[in-house]
Structure formats: structure tokens, C-alpha cells
Amino acid sequence: MPLFGSTFSPKKTPPRKSASLSNLHNVSVSMGLDLVCSVTGASSLVSYGKCGPPELDRSTREVELGLDYGTPTMNLAGQSLKFENGQWIAETGVSGGVDRREAQRLRRRNQQLEEENNLLRLKVDILLDMLSETTAESHLMEKELDELKSVSRRRK
């Protein structure tokens, strides 16, 4: 009989091995298939414990489980679009009554007009700077002229 502790100390249980819950690896369970395990040339129906579920490669899993989605498509206002190479493209080749070439031409023209607009804004800024500089110079000249007039009046 120990003095300072209890005599009952249960052993710690080892951690359980967790089975994968993914149905991509355990296809036979999710699809209700019987497993056939080949043991020394003879095949027999077995339970999960003996040979385990068959491991399927990626392409087989995609085909059997329907994971091959294809390209994403959507329908907006009667226009069918598909997602290819990072862009939404009209499936019929016509987007809102405008074909691709026309849309690209319009995009290029829009970019040219934006560049021209930026250039014109820059020119306006430069002209405003020049105007403010000449205005400041004219005010200084007027001030000097007024001072010279006042000095000449004092001399008379």
C-alpha cells in the first residue's frame, strides 16, 4: 500500500491508426463494390481487412467518380461563355453582337484614346505651369515698375 499515491494507474492506450475518410481512395466502399483479392493465383471475395480497397490512379478516379469537369461555362443574358486561358470567351465567337476581331479592334482603339488623353492632360499641366510662371513674372515686373515710378516721383 503506497503512502502518497493511488495504486490504480492504467496503461496509456496507443493511438489508433486513422483510416482515410476520402472516398477517392476507398472507392469500393462508397460505390458498394465487392472486393476481389488475388491470393496465390486464386481469387476470392474478401472483406476489407484482408486485402484492402484497390487504389485507383488519378485518371481512373476522375472517370469513375466524375471529377473531370471540363471547362467552366456560364450563361449570362442568353450569352454562353466559357473560361479558357484565364479569360471568359463567348462560345459562339460572338459576344453581344460583336465578334472577337471587332472587340480586339475596339480595345486597341480604346487604349490609343486613353494614351492620347493622358498626353493631352500632361500638355495641359505643362501649359498651366507656364501660365502661372509668366503671371508671377508679370506681377513682379508690375511691382518693379510701380517702385521705379514712385522713386522717379520723389526725385521731381
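**Figure 1. Asn85 lies in the loop between strands E4 and E5.** The close-up is taken from a predicted model, in which local features need pLDDT of at least 70, side-chain atom pairs count only at pLDDT 80 or more, and totals for chains, interfaces and linings use all residues. Residues are numbered from 1 along each chain as its sequence is written, and side-chain values use heavy atoms, with hydrogens and water left out. Strand and helix names refer to DSSP runs (E, at least two residues, for strands; H or I, at least four, for helices), numbered from the N terminus. Asn85 is not a glycine, yet its phi is positive, at about 50°. The turn that holds Asn85 belongs to a hairpin of E4 and E5, with two residues between the two strands. Asn85 counts as exposed because its relative accessibility is 82%; the classes are buried under 20% relative accessible area, exposed over 50% and partly exposed in between (1.4 Å probe, protein chains only).

**Figure 2. E4 and E5 run antiparallel and are joined by four bridges.** Strands are said to pair if DSSP finds at least two bridges between them. Phe83 has Trp88 of E5 as its bridge partner.

**Figure 3. E3 and E4 pair in the antiparallel sense.** Strand E4 covers residues 79-84, and four bridges link E4 with E3. Opposite Met74 stands Leu81 of E4. Thr73 has Lys82 in E4 as its bridge partner. The hairpin of E3 and E4 has two residues between the strands, and Ala77 in this hairpin takes a positive phi near 50°.

**Figure 4. Three strands form an open sheet in the order E3-E4-E5.** The pairing in this sheet is antiparallel. Strand E3 (73-76) and strand E5 (87-90) are the edge strands, since each pairs on one side only. From one strand to the next, the twist averages 35°; the axes are lines fitted to C-alpha atoms (for helices over the stretch in contact), and angles run from 0 to 180 degrees between N-to-C directions.

**Figure 5. Glu84 and Lys82 meet in a salt bridge through their side chains.** The N to O distance is 3.1 Å, and a salt bridge is defined as a side-chain nitrogen of Lys or Arg within 4 Å of a carboxyl oxygen of Asp or Glu. Glu84 counts as partly exposed because its relative accessible area is 26%. The structure holds two salt bridges. Side chains of opposite charge can pair when their charged atoms come close.

**Figure 6. Glu102 forms a salt bridge with Arg105.** The closest N and O atoms of Glu102 and Arg105 are 2.7 Å apart. Both residues lie in helix H4, three residues apart, which is about one turn of the helix. Glu102 is partly exposed, with 30% relative accessibility. Arg105 is also partly exposed, at 41%.

**Figure 7. Five residues, Leu119, Leu122, Ile126, Leu127 and Met130, form a nonpolar patch on the surface.** Together they have about 490 Å² of accessible area, computed by the Shrake-Rupley method with a 1.4 Å probe; for residues, only the protein chains shown count as cover. Patches are made of residues with over 30% relative accessible area and no salt bridge, joining like charges within 9 Å and nonpolar side chains (Val, Leu, Ile, Met, Phe, Trp, Tyr) within 5 Å. Ile126 is placed in helix H4, residues 100-155. Ile126 counts as partly exposed because its relative accessibility is 43%.

**Figure 8. The protein as a whole has four helices and seven strands.** Along the sequence the pattern reads α-β-β-α-α-β-β-β-β-β-α. Of the 156 residues in the protein, 9% are buried. Among contacts (heavy atoms within 4.5 Å) with a separation of 6 or more, 21% are between residues 24 or more positions apart. The protein exposes about 14,300 Å², and carbon and sulfur atoms supply 56% of this area.
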